[in-house]
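I opened the files this morning and kept notes as I went. The entries follow in the order in which I looked things up.

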Amino acid sequence: MTAARNETWALLGGFALLALLPLVATNFYVTLASSALVAAMLALSLNLMVGSLGLVSLGHAAFFGAAAYTVYYLVPSGGSLSFLVTLPAAILVASLASLVIGAISLRTKGFFFLMVTLAFGQMVFFLFHDTKLGGGGDGVFFTRPGFSAFGWEIRLDRRARGVATYYLNLLLLAAMFFGLRALLQTLFGRVVAGIRANEHRMRALGYDVYRYKLACFVLSGALAGIAGHMWAMQKGVVNPELASWHNSAEALLMILLGGLRSLHGPILGAIAYTGIGEIADLLTERRKLVEGLIILAAVLLLPQGIAGIRLKRGDG
Amino acid sequence: MDLSGLLAQILNGLQYGLLLFLISSGLTLIFGIMGIINLAHGSLFMVGAYAAFLSVKSFGSLWLALPLGLIGGAVLGALLERFLFRYFYRREHLDQVLLTFALILLFEELRSIVAGNGFHAVEVPALLDFSVAVTRDFSYSAYRLFALAICLVLAAVLFHAIHRTRFGAMIRAGADKPEMVQMLGIDVSRVHVAVFAVGTALAVVAGMLAAPLYSVYPGMGDGFLIISFVVVVIGGIGSVGGAFWAALLIGLVDTLGKVFLPSVAGIAVYVLMAAVLLLRPSGLFARTQ
């Protein structure tokens, strides 16, 4: 029990530290940290599939992208719209997209599932890239959703808006984290863990495995939608790359980097990966080289991720 | 569109399909036998295309590049197997995905260092820079016919090697029952090296043949990789014959789709894949077990 209590304290401490960051950091670092939180949401949502259910999806960024494009469609040109409208809409679109794609791709397993999610993700990418649905291959700018409700708008200067977006991200990430933690403790979570361990046995016990998988897929798509919405809200621009499979692969990397057997692993991984990317940009022109070598090192040397390092020391 | 125009598009589709077959046959063999998901397979295609570009630029000839590409590709594949992939046969899919994703990034960076980040057209070899009169009022690019022929020859050699030779029997047996093959005293690791060498060589040569047709550009391996995945899914995992028919199907659907329904052509092949999965989840041409 003390281990669990210690973990809770560590988590609360971590979130408290993150909450204090805007008090000391400049605009640049608040924006960077905001991006890290969005990446953490994406990684956390994907980990529901990869870590909890044991299915590797390479099309997850499609839902992230679909949600971001929803914001672009909704905001009228020249006008503004509250995030209280755009956020639920983005979640809805991401859920519907993941329901359709999940219903088809979950008929397959393992290697097939990976390729099929990859192909569907790429289909969404081409939808935004080539058809009139998107704004062209280079992306489009729009007015960022505002902080307003029922005709009241909170007017914010640039600094305050960045800080407000940061806290909204932190709030959503914390809600997602503790929500998932609670969910995985319920019967639903136990069944999901059972499917990861032995799908046939769960089926033999009478569970409709397909339905549980689809529920996970849609939930993780919806959560990716939250991340996609916050990306669009922060940047005020969308481009097809958001839905590309490179984005999905990066989210997988964050999970692997942080450790996929825990819930805080993906968050640590996302923060570490964003930080590494930033440092790589500062030091060298060749970001891909640095990223490639880090992934290679992580795959070869860190099969349990950052969270795994700490865990091992605790065991010994 | 008149008849000769349609004929040209059908030939284009077949030629594109055969190119896809060269890429996807390696992909399907490597997964079918070693269980490796090789996302970097598209990068090997790109390596071939850029090697052709550099060869034409430096020596003014594609002819030297093709045989060298076949040999160089085989060596590259064997080295990758021996020093990297061999350690990932028993690892989880996630690890394989990330390993090969890292390779994509490294190959892209290598491409950027060696050849820069621009688009480059690659000249069709002078010897083949003319059109062949197929009918009285229809002629077709000689280079495209040449690419088509080379692909067909390679496909025939591959089929012969897999179905008619002793080594092919080892490959097929290794795919079905690796432990049994091992117990019979056959060195399975040699089979693995060979499969990687052949798969890589085919992808590299496909890239070389493609360079004059599609020009070379950053990230060009990505598009071909994903379409090749669609081919493997439709053809059925591990089935080279399935990959052949699926590649021709996809080549025709994509090419004709771009002509007749340009607005939805980009997603037509994915819709086709979804339909196949709904009807036959293990692929159109999969063997029934």
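**Entry 1: chain A overall**

I began with burial and found that buried residues make up 47% of the 316 residues in chain A. This is a predicted model, and every value I note here is computed from it.

I went through the secondary structure next: chain A has 13 helices and four strands. Its radius of gyration is 19 Å, close to the 20 Å that the globule rule gives for 316 residues, so chain A is as compact as a globular protein of that length. Along the principal axes, the C-alpha atoms of chain A fill a box of roughly 55 × 45 × 45 Å. I also looked at contact order: of the contacts in chain A with a separation of 6 or more, 78% are between residues 24 or more positions apart.

**Entry 2: confidence**

I looked up the scores before going further. The model has ipTM 0.82 and pTM 0.87. Chain A averages a pLDDT of 87, with 94% of the residues at 70 or above. For chain B the mean pLDDT is 88, and 98% of its residues reach 70 or more.

Within chain A I asked which element has the lowest mean pLDDT and which the highest. The lowest is helix H13 (residues 305–315) of chain A, at 53, and the highest is helix H9 (residues 209–235) of chain A, at 96. Over residues 311–316 of chain A the pLDDT stays under 50, and the model has one contact beyond four places in sequence for that stretch. I read nothing further into those residues.

**Entry 3: the contact between the chains**

I counted 29 residues from chain B and 33 residues from chain A in the contact. On the side of chain B that touches chain A, the elements giving two or more residues are helix H4 (93–115), helix H9 (220–235) and helix H11 (265–279) of chain B. H4(B) gives the most to that side, with twelve residues. By class, the side of chain B that touches chain A has 23 nonpolar, three polar and three charged residues.

**Entry 4: the largest nonpolar core**

Which residues touch the most other members of the largest nonpolar core? Of its 191 residues, they are Met41(A) and Val230(B). The element that gives the most to this core is H8(B), with 17 residues.

I listed the contacts of Met41(A), leaving aside neighbours within four places in sequence: Leu172(A), Leu173(A), Met176(A), Leu223(A), Ile226(A), Ala227(A) and Met230(A).

I took H9(A) first. H9(A) has 27 residues and reaches 39 Å from its first C-alpha to its last, close to the 39 Å expected at 1.5 Å a residue. H9(A) is mostly covered, with 20 of its 27 residues buried. Just after H9(A), Gly236(A) takes a positive phi of about 70°.

Helix H11 (residues 264–283) of chain A has 20 residues and a reach of 29 Å, close to the 28 Å expected. The buried residues of H11(A) include His264(A), Pro266(A), Leu268(A), Tyr273(A) and Thr274(A).

I then picked Ile271(A), which lies in helix H11 of chain A. Is Ile271(A) buried or exposed? Ile271(A) has 22 other C-beta atoms within 10 Å, and the cut-off for burial is 20 or more, so Ile271(A) is buried. Setting aside neighbours within four places, Ile271(A) is in contact with Ala36(A) and Ala40(A). Ile271(A) and Ala36(A) are 235 residues apart in sequence but 5.2 Å apart in space, C-alpha to C-alpha.

**Entry 5: H10 of chain B**

Helix H10 (residues 240–260) of chain B has 21 residues and reaches 30 Å from its first C-alpha to its last, close to the 30 Å expected at 1.5 Å a residue. Among the buried residues of H10(B) I noted Val240(B), Phe244(B), Leu249(B), Ile250(B) and Asp254(B). The buried residues of H10(B) pack against helix H1 (3–34), helix H5 (142–164), H9 and H11 of chain B.

Leu171(A) is found in helix H6 (residues 158–185) of chain A. Leu171(A) has 13 other C-beta atoms within 10 Å and is partly exposed. Leu171(A) and Leu37(A) are 134 residues apart in sequence and 10.0 Å apart in space, C-alpha to C-alpha.

Ser215(B) is in the loop between helix H8 (188–214) and H9 of chain B. Phi of Ser215(B) is near 55°, a positive value in a residue other than glycine. With 14 other C-beta atoms within 10 Å, Ser215(B) is partly exposed.

Definitions and conventions: Residues numbered from 1 in each chain as written. Chains lettered and ligands numbered in written order. Predicted model: local features only at pLDDT ≥ 70, side-chain atom pairs only at ≥ 80, totals over all residues. pLDDT = per-residue confidence, 0-100. Contact = placed C-beta atoms within 7 Å. Nonpolar A, V, L, I, M, F, W, Y, C, P; charged D, E, K, R; others polar. Rg over C-alpha atoms; globule rule 2.2 N^0.38 Å. Buried ≥ 20, exposed ≤ 12 C-beta atoms within 10 Å, placed from the backbone. Expected span 1.5 Å × (residues − 1). Core = buried A, V, L, I, M, F, W, Y, C linked by C-beta atoms within 7 Å.
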